[in-house]
Each structure stands twice: as C-alpha cells, then as structure tokens.
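Here is a short report on a two-chain model. Keep the sequence and the 3D view open while reading.

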Number of protein chains: 2
Amino acid sequence: MNKVNIAGIGQTPVSESWDKSLKELAGDAGLIAMDDAGIGYPDALFVGNMMAITANRQAQLATLIADWLGFHHKPAISIETACSSGSAAFRMALMAIASGELESALVIGAEKMTDSPGDEITSSLATAADAELEADFGLSFVGLNALLMRRYMYEYGWEHADFSNFSINAHANAVHNPYARFQEPITKESFIKSAMISDPINLMDASPVSDGAAAIVLSAHPISNGRKSVSVIASSAMTDTLSLQNRKVGTRLAAAETSTKAAYAQAGLSPSDIGLFEYHDAFSIMAALSLEAAGFCEPGQGPTLAIDGKIKFDSDIPVATMGGLKARGHPVGATGIYQLVEATLQLRGLAGATQVLRPKYAMTQNIGGSGSNIITHILQAE
Amino acid sequence: MNKVNIAGIGQTPVSESWDKSLKELAGDAGLIAMDDAGIGYPDALFVGNMMAITANRQAQLATLIADWLGFHHKPAISIETACSSGSAAFRMALMAIASGELESALVIGAEKMTDSPGDEITSSLATAADAELEADFGLSFVGLNALLMRRYMYEYGWEHADFSNFSINAHANAVHNPYARFQEPITKESFIKSAMISDPINLMDASPVSDGAAAIVLSAHPISNGRKSVSVIASSAMTDTLSLQNRKVGTRLAAAETSTKAAYAQAGLSPSDIGLFEYHDAFSIMAALSLEAAGFCEPGQGPTLAIDGKIKFDSDIPVATMGGLKARGHPVGATGIYQLVEATLQLRGLAGATQVLRPKYAMTQNIGGSGSNIITHILQAE
C-alpha cells in the first residue's frame, strides 16, 4: 500500500457537552484539522461513530457532517466497529487514498454520549457485545470486562490494587492535556477507595462516558507546514470472536497479538523501536492485556510494567501520554482518532509537558468490543 | 483506480424471516457468494447495514458475521450511509482491493427489519432524515417523500395514477424472481385503490419493510468459473444536504446527477450505452427522479418513460428487472448489494425470463436518505 501522510489534526476538549450538538463537535474538530492542513476541502469525508442512531437519533452521520461542513457533492461515509470505529474510519481513508481514488480525505471520529440517561447509554454500549450470547442475558459491557479481569487476577495472582498504576499514570499525564476530561491526578488511595461498578472493576479502573470529536486530514502527498512530517507506515485490522466465551484463551487478546505482529512486519519494526504506544485503556484490565498482546511483556506481566514505572511518558514504553481513555476520556467512536492525533503531536515534538523521549515511531491500538475488533497503526516522523 | 472483478454472488429470498436471525441471513448470503466464487475465504469482510443497533440490538455487526462465517483473525468493518449502506460497503471494498491492501473481499448487505413493531421501525427509518431539522418535528421518512412527490406533481402537472407504471413494471418483473418478496403482478386499478400511507404516497408507491441479505465476492483478478466475467468500471459517491428543505431545487436529485455524470466519465459511457439501470425505487417518486438524474430524460419527464413502456426489461431503459425495491423488497442496508447481484446476473446472461437485450453495461444506483447520499456503479461484462 502506498504511504499516506497526516496533513492536519484537530480535536475538541473531551467533556460533557451541553452547548454543542454531535454535528457541531464533529464540525469543530474537522475545521481545526482542515485549518492545520491548509489544503482546503479534502476529497471525501470518513466518519467513525458507534451510536449516533441510538444516542442522537441520527443515521448517516457522515452525510450530515459533510452537509454541515460544506462538503458539497463529495463522498461521505460512516464506519462502525464499536469502540474501534475511529481507527476503522482512518484505515478506510488510508486505503481510499492508496487506491488512487482520492488524493486527500478528512477523517472525523465523533461521539456524544451524555445526552442519554445512564441506563440507555449502558444499553447502547452493550450492543458492542454479542446480543444473542451475552447482552440479552443482562451482561453489560463493564460486566464483561469484570469477568475478564477477575479471571486474569485468578490466573496470574494479581490483586486489584496492582492495577492502580495504569490509572495513576493516565491521570498524571492528563494534568497537562487541555483537551482531557479529567485534568487532575489520582493517588493509589483514591484508586483503591473509589466506588465499585462491577466487581472487581471500580470507578478508577474505568474510562468515562464522554462527548468529543477529533479529526485528521490525510493526503497522498507529504505536507509539513514547517513542522515534522508524519506518515502512516502500518495499518492492520483483525477480528476475534465477538463473545468472550468462545475464545480459546479468554485472558489474552489474540486478535491484538496478530494485529500488532502484522503491523510490526509492515513497518519492519519490533516492540523496542516504538517510542510511544497509545493503547486502549477503556478498563485497566485492557491496558494490561494490550501491553502483553503488543509484545512489550509476557502474558500475565502487564501490571509489572506499570508497577515498575516503565509506562511513564519519559520511560521505556510511554502509554496514555495525554491521559488515555481513562483520563482524557472515551467518546467511543472518537477515541481512535484522539489516539492518532495525540501520537501525531508527539511525533511532531509538540506534546508539551509529556513529550516522549523517542518521537520517531508511534503505535496506536483501538479495540472494538472485548477484544473482538482490533485496529493497529504505526506512524513515523520523517 | 485499478479494475476490480466480481468473482461471486449470493442472495437470500427477501422475506419476513421468522426462522433466521440477522447473522444467519447474512451468513447464508455470504456462503453462497463464496461458493459461487470458489476462492475460499476472501481477505476481509465489509458489511453494509443501517439499523442493526436499533432493530437487532447489535453493534459491530461485521465482527459478528466474520465470527459466524469463520473469518478468523481477518478484518471486518460495518459501513452505514442509511439506505445506500450496501453500495457504500461495496465501494469501500473496491478501494481496499485497488489499494493493494487486499486481494479479495466479501461484501455483505444485510438488514432484518421485521422483528421490530411498526412504530419502532418507522422511528429507525426516520433517523435517515435530519434529526434536528426534520425527524424531531414528526416527519417520518415516507412523509418526507410524500412532500417531495406532492411538490413534483404540482410543478409538472402529473396525477397520482401517472406513477402506476413504475410499480406495475416492478411487480411484473418480480413474478419471475424467486428471491423477490412479492411475486405477484399488480394492475393499474389495484395501484390506484391501494391504502393511502402519507398523501399522495399509497401502499403501491412504497417499497416494503423486509428482511434479507445479499453478498458479493470481489477479487483483484478476473474469475469467470465458465461464465462471463463481470468487472466494476465506475464507482462514484456524492452527498447532498441531509434535509430536503435546504436543497436549491427540491424536486431534483442533484447528487444523483453529479454521481451518474462522474460514473459515466469514469466508464467513458453515455446513458444510451447502459443496458440496464437498477435504480432506487423506494418510492415511485424516487423512480421518476432517478431516471431524470441519470440523464435518461429531462426533469419532470420520468413518468413519461414508464407510461410509454420504455422501462420494461425488453425495452430501451430496463429498470427494476427483478422487481426493484418495490417488489423484490427493500431490506435497507442490503438493497445496494441486491442491485449489484441482479446486475451481475443480467451481465452473465443468467437472468431468466427478464433477461435484458443488451447485457454489456449495467448501472446500479443506491440512494441514502431523501437523495442525500448517492452511490452509483457501472459494471461491464467482458
């Protein structure tokens, strides 16, 4: 596949947004990215979103955003793979450009979750699970992750408190990110004492329901605008069984293993080359499993990296460098694009207080469902 | 864009399906297409679907179908542009193959609408309209089309009965299609006397809420299996304002005009070269507008073609050759793939009693919303 370049990035603050609608959030992010790229209207619009049809009563969201942004008579499509919808839209845009059909594209990830009452959003999120085998029996999405975390703790002998450093690190980084939902640090004590949601997952293990939009302009041509150019050197998507119960090994993200392996092969890199890893820490158990699947440690050893401080922004394997899903927030369809925007800021050397030390290769990984649709990208600074 | 080939096709009968779930319908269509292609598992799965998250409580439908079909650790994504979701998924698969990222892909369009009570499915369909400007004020989707039809009748002086031949033709062709929802003819009298839905649209102007799935295997390489090879020589997507009220000319499908114009240019063809046109006759007004937008007649003259018999399968501009949305049925996210499957059957010369006379070039056009997201393809028999 021909190399595709990141020409512009944009994001809105992740928040509980009362003054902007979904299309306005998406439009704001899109306009910022278009301004950052400076190439006018891209050839097409790709939108990653999971639940506009339930949470906002709106299908064909991409058409609406194209209309709102003034993309007159240009193609616009919506792409959905649950919580990895943002990265799925990005990947489709990459292929459309690599095919020669488009020279440029705007990719927006957008989600507005807080207009719905809590029980409705919990129901919408549960559609990411297998309806017939999981959700219809009352398993919520956090419930599924709780089963996974309990089994993992049992198999490898970890205590709940051993996961605290994932969330502490995420919040410490988010302090410096003006776009993060929670710009406050947390302590081990506040982690341990926070409210139980679905045993063993408590409030501080879980990413918050949020509103937000992030956007990227992709181009067939390198565009730097006086900054370091950033390009996409690997894109890999893999699926696993939708239901957790059908997995051979429930406590490993097999599709993340094959997806990262394929991405490393495409880029000609190994885990030690990666200068930052924007992972999908929707729950702290997912943080641990992602580090393991990406080859940064052996299965069962994810928490060790966090406890040893290896995941800090200025250490070996920087993760969640601007807060991650836990503290930046997790507006589901937008998350993949937030990850890619943050990785681009790091590779441009413009990440501020949490700038990583080796801004050459960044890997992002977005997870749909409980490990069922994994999309991995590797970006490179020129 | 490199040429992409149709290697296999499959479809399930359009019906009110009580014995198969959405994933089973989709899986059945997918397996038939894979069997028809005979190349084993394609490299990835693309699914066009509009409303699984509301009608079937299932997000990431593509992941579920990949799981069900045994696509182990392969990419799967869902694509949504309301009623043109099927063609949008097909177009994404084309570009993925043309980019070199994939050698082959399975594209499935699937929708199961009849499990929901009528008021719920009407609400789900209304999400294809602009929530803030249309649906939230109580405009249903058929209501929007009724406004459009009334205005068109007023501007051009047509009576309601003048639209009857669109539906009569569709039903006459569906008699010979074992996959059609309604395999019975209708008369002008039954058209006129049928129940009013939203004045002036009556039951015989409208396509039926349905269940169904259709599938296509695409390949970078020509695959004939002893039949005529069929390839895709044009793919064009265009958007218009989502709300009807914001259009410059409400009674023309401007995005369909630009989309067909672009498709003709890509293929190096003009309207007179087209041997059949599988159009989007969700309502009879859409049939008229589609013929006009595609350049087969002047604005306001669509009904003339139907009255003069020009749209019959053995006449100048064959449309709805296997029943169209009106009589084959309109399982929304599946419709675009049904159109492409039917066009392929015609180009292979295997369309049976309604075989067209010039099976060289076929055009399909899928419409999302009230003309807001238009996707046009031209296929060629080698």
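The sections below cover the model, its symmetry, the interface, helix packing and some backbone details.

## The model

This is a predicted model: local features need pLDDT of at least 70, side-chain atom pairs count only at pLDDT 80 or more, and totals for chains, interfaces and linings use all residues. Residues are numbered from 1 along each chain as its sequence is written, while chains are lettered from A and ligands numbered from 1 in the order in which they are written.

## Symmetry

Chain B superposes on chain A by a rotation of 180° with 0.0 Å of shift along the axis, and the RMSD is 0.0 Å. The two copies are thus related as by a two-fold rotation axis.

Which residue of chain B comes closest to the rotation axis? That residue is Ser99(B), with its C-alpha at 1.8 Å.

## The interface

In the interface, 51 residues of chain B are in contact with 51 residues of chain A. Contact here requires C-beta atoms, placed from the backbone, to lie within 7 Å. On the side of chain B that touches chain A, at least two residues each come from α2 (52–55), α3 (61–69), β3 (76–80), α4 (85–98), β8 (230–239) and α9 (254–267) of chain B. Such elements are DSSP runs numbered from the N terminus: helices are H or I with at least four residues, strands are E with at least two. By class, this side of chain B has 26 nonpolar, 18 polar and 7 charged residues. Nonpolar covers Ala, Val, Leu, Ile, Met, Phe, Trp, Tyr, Cys and Pro; charged covers Asp, Glu, Lys and Arg; the others, Gly among them, count as polar.

Do the copies meet through the same surface or different ones? They meet through the same surface, because 100% of the interface residues of chain B are also interface residues in chain A. Strand pairing also links the chains. Strand β3 (residues 76–80) of chain A runs antiparallel to β3(B), and 3 bridges join them. Pairing requires at least two DSSP bridges between the strands. Ile79(A) has Ile79(B) as its bridge partner in β3(B).

## Helices α4 and α13

In chain B, the axes of α4(B) and helix α13 (residues 332–348) come within 5 Å and cross at roughly 60°. That makes α4(B) oblique to α13(B). Axes are lines fitted to C-alpha atoms, for helices over the stretch in contact, and angles run from 0 to 180 degrees between N-to-C directions. Angles under 35 degrees count as roughly parallel, over 145 as roughly antiparallel, 65 to 115 as roughly perpendicular and the rest as oblique. From α4(B), Ser85(B), Gly86(B), Ser87(B) and Phe90(B) take part, and they meet residues of α13(B) including Val332(B), Ile337(B) and Leu340(B). This contact has 5 nonpolar, 6 polar and no charged residues.

In chain A, helix α4 (residues 85–98) packs on helix α13 (residues 332–347) at about 65°, with the axes 5 Å apart. Ser85(A), Gly86(A), Ser87(A) and Phe90(A) meet α13(A) residues, among them Gly333(A), Ile337(A) and Leu340(A). Here the classes are 4 nonpolar, 6 polar and no charged.

## Helices α1 and α3

Helix α1 (residues 22–37) and helix α3 (residues 61–69) of chain A pack at about 60°, with their axes 10 Å apart. They are therefore oblique to each other. Lys23(A), Ala26(A), Gly27(A) and Gly30(A) of α1(A) touch Leu64(A), Ile65(A), Trp68(A) and Leu69(A) of α3(A). By class, this contact has 5 nonpolar, 2 polar and 1 charged residues.

## Backbone details

The peptide bond from Asp199(A) to Pro200(A) is cis, with omega near 10°. Pro200(A) sits in the loop between β5 (196–198) and β6 (201–202) of chain A. In chain B, the bond from Asp199(B) to Pro200(B) is cis, with omega near 10°.

Asn225(B) is not a glycine, yet has a positive phi of about 50°. Asn225(B) lies in the loop between β7 (211–219) and β8 of chain B.

Note on methods:
Copies are superposed by least squares on the C-alpha atoms of residues with pLDDT of at least 70 in both. Two residues are in contact if their C-beta atoms, placed from the backbone, lie within 7 Å.
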